[in-house]
Amino acid sequence: MHFQYVFDNFASLFIGGLVFGSVYALIALGYTMVYGVLQLINFAHSEVFMFGTFATVWALWLIGADATTMGVALVLSIAFAMVASMITSGGVALLLERVAYRPLLKRGAPRLIALISAIGASFVLSEAMGLRGAIASALGLSDTLGRYVARSRENLGMPTDRTTTVQFELFGYGVTNVNIIVVVSAVLMMVAADQFIRRTRTGRGIRAVAQDPETASLMGVNSTRVIQITFLIGGMLAGAAATLYMLHIGATRYNAGFLLGVKAFTAAVLGGIGNLRGALVGGLVLGVAEGLGAGLFGNEWRHVVAFVLLILILLFRPTGLLGESLGKARA
Amino acid sequence: MSETTTTRPAARMSWASSLRSSLGSRLRRTPRWAQFLLMVALALFCYLLPLLEPPVISTPGTDFGAVLFTVSIYVLVAVGLNIVVGYAGLLDLGYVGFYAIGAYTVGVLTSHHATWPWLLSLPAALVVTMISGVLLGWPTLRVRGDYLAIVTLGFGEIVRLTLINSEWLGDARGISSIPAPPSLPLFEIPHLDWSTGVPLVDFSDTTTFIEFGVTDPVPFYWLALTLVILVLLADKRIKNSRVGRSWEATREDEDAAELMGVPTFRFKLLAFALGAFVGGIAGSMFATRQTFINPESFTLLISILFLSAVVLGGQGNRWGAVIGAIVVAYLPERFRGFEQWRVLVFGIALMLLAIYRPQGLLPPRRTVRAQRMEEESQALEVGEADPDAELATAGPVARNPVDDAPVPPDEERSPRG
Amino acid sequence: MAEVIQQPSMNPASAPEPLLSMNDVTLRFGGVTALDGVSFHIDRGEILGLIGPNGAGKTTAFNVMTGIYRPTSGSVTFDGGSTARLKRYQIAKRGIARTFQNIRLFKAMTVLENVMVGADAQHRTGPISALLGLPLHRREEAAGREIAHDLLDFVGVRGRADELAGNLSYGDQRRLEIARAMATQPQLLCLDEPAAGFNPSEKQALMELIRSIRDRGLTVLLIEHDMRLVMGAVDRVVVLEFGRKIADGTPSQVQNDPGVIAAYLGVDDDEIADEDGEGSDAS
């Protein structure tokens with residue numbers, strides 16, 4: 001236990017945790033929204049995120065952005081990559097809903113069966129990414145797709161320049177431009193999602209279905225459409241998280257989703273699954289707890305801290321810090 | 001947890017399961033002594049399998065005995081996990097944790113920190129895994145069904161990460177030189193050689209009865225197979241008792257079970273402990289045969305493969321679990337080129353099964369029986385079944401997506417004689 | 001095995017102490033008061049009807065008796081002891097069995113197994129004795145099987161023991177629930193609208209069945225919507241309205257009670273499912 005270390009580096013562990021936490025929070029929104037509407041754990045949401053990380057890199061390749069891209073061009077490239085990532089992840093999420101969930105929900109299958117289907121989908125998505133080289137060569141497309149399918153089991157790095165500059169000092173910790181971009185964009189997106197759910201007609205529909213699907217459908221809410229939109233929004237947020245993650249971490253691989261997914265799910269449960277603001281709180285708390293835990297026990301125990309936290313929450317406060325309430329959102 | 005009801009008796013019967021059920025009913029009509037003889041013959045055949053090395057079944061390129069050993073370990077695991085998932089309806093995604101604890105206990109006691117004799121380390125490993133099952137179950141079995149899945153997933157990962165990070169457990173390098181069980185070499189048994197197309201007794205390729213060496217996996221397979229048979233017998237007895245009924249009642253409707261006098265928590269805990277126990281047996285056998293273990297062998301992926309075996313075979317049916325395990329463990333070994341696709345294929349299988357056949361390839365016998373009765377009455381109501389119905393409903397696209405009926409009646413209309 | 005069901009003969013006349021009594025039971029969920037100081041008792045060997053309009057707290061009262069809810073204040077005494085510290089399965093073992101308004105069978109188990117689960121309530125077989133096939137296990141299996149067959153005959157679900165419970169007809173499912181509850185060998189059998197969805201002749205047959213259950217020595221508590229049906233079958237009636245008891249007496253006394261008449265005026269019989277007890281924990 002390195003108390004002295006934690007004490008000396010509190011600001012850096014804390015702020016580093018916040019940065020990670022805001023990525024968790026963005027992914028957590030997807031878990032929380034789907035859970036709020038369908039009461040099921042979208043186990044494959046982690047792969048929706050993973051597809052976003054790949055889409056980010058591929059989009060940058062596509063427009064030829066590389067380590068020499070600087071200034072406004074870099075900002076525009078990243079913005080383009082983020083849009084591409086959001087579209088990809090949103091699309092994957094919609095596909096997931098169509099293929100893995102809707103057929104089950106139509107039959108009113110038990111939740112555990114839906115979870116099994118989700119687990120299957122999760123492995124299919126990550127393996128499809130991991131086998132993209134093999135799939136391409138089976139289809140005879142290896143040459144056409146070139147580097148997009150090469151070395152499919154290995155790490156894929158961000159092509160653009162990742163040097164960060166310290167913008168200002170906060171309690172002795174140099175906050176970098178990337179730190180700011182990650183936290184600010186994450187919070188902005190979450191506020192937008194929150195407002196969307198609270199203020200728009202579609203958002204009302206989502207809340208209505210979350211609260212009482214039968215009554216909602218009697219009142220003319222198209223629940224299939226609401227579920228689709230929920231998946232789409234969750235997927236797009238995960239896509240945005242993916243680009244931010246790539247800015248922050250710089251590399252991804254076909255199985256990068258799993259760990260992030262479990263962390264984000266933990267964040268969702270921590271804040272109160274089904275509760276949008278809870279996802280934000282949960283993500284930030286988890287990020288900070290993990291940062292401090294890693295400082296305290298050593299970095300190799302970082303993930304264990306998150307898993308233990310998850311188990312403790314489910315045992316002692318399964319409704320989370322803010323309670324479960326997508327349908328019961330105060331609005 | 002009351003929503004975790006499984007095994008809906010709906011969904012079509014495929015030709016395979018109808019064949020099976022007619023086979024099953026014929027089997028049930030045979031007298032008990034004949035059934036017993038049949039089982040003995042089957043067991044005997046399984047024991048002889050690695051010596052016979054029959055073509056087609058046998059695995060070119062890999063040692064057939066080693067493959068059979070792996071298969072029997074998977075069967076053990078699947079039967080154990082079936083108690084937890086199939087009977088008691090508790091989705092456990094961290095089962096590999098118990099497997100790892102069993103393996104590591106043997107490793108630690110016989111090699112890494114002590115030099116216990118193997119025969120003593122085995123019961124110790126089983127006690128340790130059982131205790132770990134209770135320790136995990138005691139606090140967690142109170143949480144909701146799908147939360148339980150995530151908690152157990154967390155448990156499995158914590159076990160693995162602890163193994164990697166803990167110096168005391170050999171960190172990422174693991175534990176090596178785990179001793180073999182005591183040998184009692186009595187005589188040599190020759191294998192068959194099929195290389196000429198006809199079976200020839202090959203005296204240059206023999207297995208010593210019974211010597212647990214590094215080179216010959218066959219004695220390990222025999223040991224594992226014996227354990228499989230013992231576990232299956234125990235499973236049958238416990239399932240057909242108050243214990244098994246209480247598990248199923250809890251799975252079907254926990255509140256109703258409790259109000260009918262079933263101490264559901266106690267029985268869920270028992271299912272967890274017994275499941276862990278069997279997982280521990282499998283884990284310690286794995287460690288013994290491998291002689292070295294490291295955390296790589298105990299990933300979430302392995303948990304999911306175990307779960308695929310149970311779901312694939314049919315939750316709640318021990319023979320389903322056996323068949324599922326054989327499919328999951330054997331096919332990739334038989335078709336080696338297929339290996340890299342294995343996870344993808346099992347992922348697809350999980351999805352397809354969940355959607356089209358949630359009860360698995362081999363659902364519990366009575367589900368099949370009830371289904372057949374339902375089908376017959378359906379056929380009477382609908383009239384002559386459309387001979388194309390089976391084909392038409394077989395493909396994923398043929399299913400009518402706007403069909404809102406909870407149990408579409410046309411699905412049970414498969415044409416059967 | 002009819003004698004197994006028979007309780008150690010309790011002559012209603014010679015047993016002044018009631019089998020069960022609700023003592024000033026109040027139950028609140030947040031701001032909602034589901035039961036408000038309800039007191040009544042059930043005598044040994046009687047058929048007591050519990051009636052009241054929808055949302056009056058009838059099922060909630062059941063749920064308090066069987067341990068699903070703990071009263072906010074007040075107590076339940078059963079067979080001479082308080083149930084406050086007992087878990088739900090212990091209450092079942094002590095002798096309160098129930099059926100459910102919306103049928104809750106173990107659908108993927110066979111009819112016989114459903115009833116045997118009930119019979120298991122009085123059994124002690126654990127994994128060890130089952131594994132070793134000890135005499136205890138074999139004795140209990142045989143006894144459970146016999147009780148189950150006997151009860152299936154008794155309630156009139158014959159020749160379908162090996163079918164899945166979920167495949168029975170609606171009426172048979174209701175009767176199976178009664179058999180399952182009776183298999184726990186209760187002293188008090190609580191039936192929650194057992195006649196719901198039945199046609200008049202089925203209802204009549206059910207009332208016959210309930211009377212013969214009483215003749216087997218059981219005490220019956222019956223929730224029923226159909227006033228006429230209740231009045232013809234029960235010995236005594238307790239009427240609830242808005243979580244309070246408004247009447248308690250013989251059917252004829254209660255029928256002429258102005259408060260009861262007022263409570264039932266304008267109340268439809270074919271309303272949506274009675275939701276008392278359920279709606280309160282949802283929000």
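Residues are numbered from 1 along each chain as its sequence is written, while chains are lettered from A and ligands numbered from 1 in the order in which they are written. Because this is a predicted model, local features need pLDDT of at least 70 and side-chain atom pairs count only at pLDDT 80 or more, while totals for chains, interfaces and linings use all residues.

User: Which helix of chain B gives the largest share of the side that touches chain A?
Analyst: Let's start with contacts: two residues are in contact if their C-beta atoms, placed from the backbone, lie within 7 Å. By that rule, 37 residues of chain B are in contact with 37 residues of chain A. Helices here (H or I, at least four residues) and strands (E, at least two) are DSSP runs, numbered from the N terminus, and the elements giving two or more residues to this side of chain B include helix 5 (118-140) and helix 6 (145-165). The largest share, 12 residues, comes from helix 6 of chain B.

User: How are helix 8 and helix 10 of chain B oriented to each other?
Analyst: Axes are lines fitted to C-alpha atoms, for helices over the stretch in contact, and angles run from 0 to 180 degrees between N-to-C directions. Helix 8 (residues 242-252) and helix 10 (residues 264-290) of chain B pack at about 110 degrees, with their axes 10 Å apart. Angles under 35 degrees count as roughly parallel, over 145 as roughly antiparallel, 65 to 115 as roughly perpendicular and the rest as oblique. So helix 8 and helix 10 of chain B are roughly perpendicular.

User: Which element of chain A has the highest confidence?
Analyst: Confidence means pLDDT, the predictor's score for each residue, from 0 to 100. Chain A has a mean of 86, and 98% of its residues reach 70 or more. The lowest element is strand 2 (residues 166-170) of chain A, at a mean of 76, and the highest, at 94, is helix 3 (residues 45-62) of chain A.
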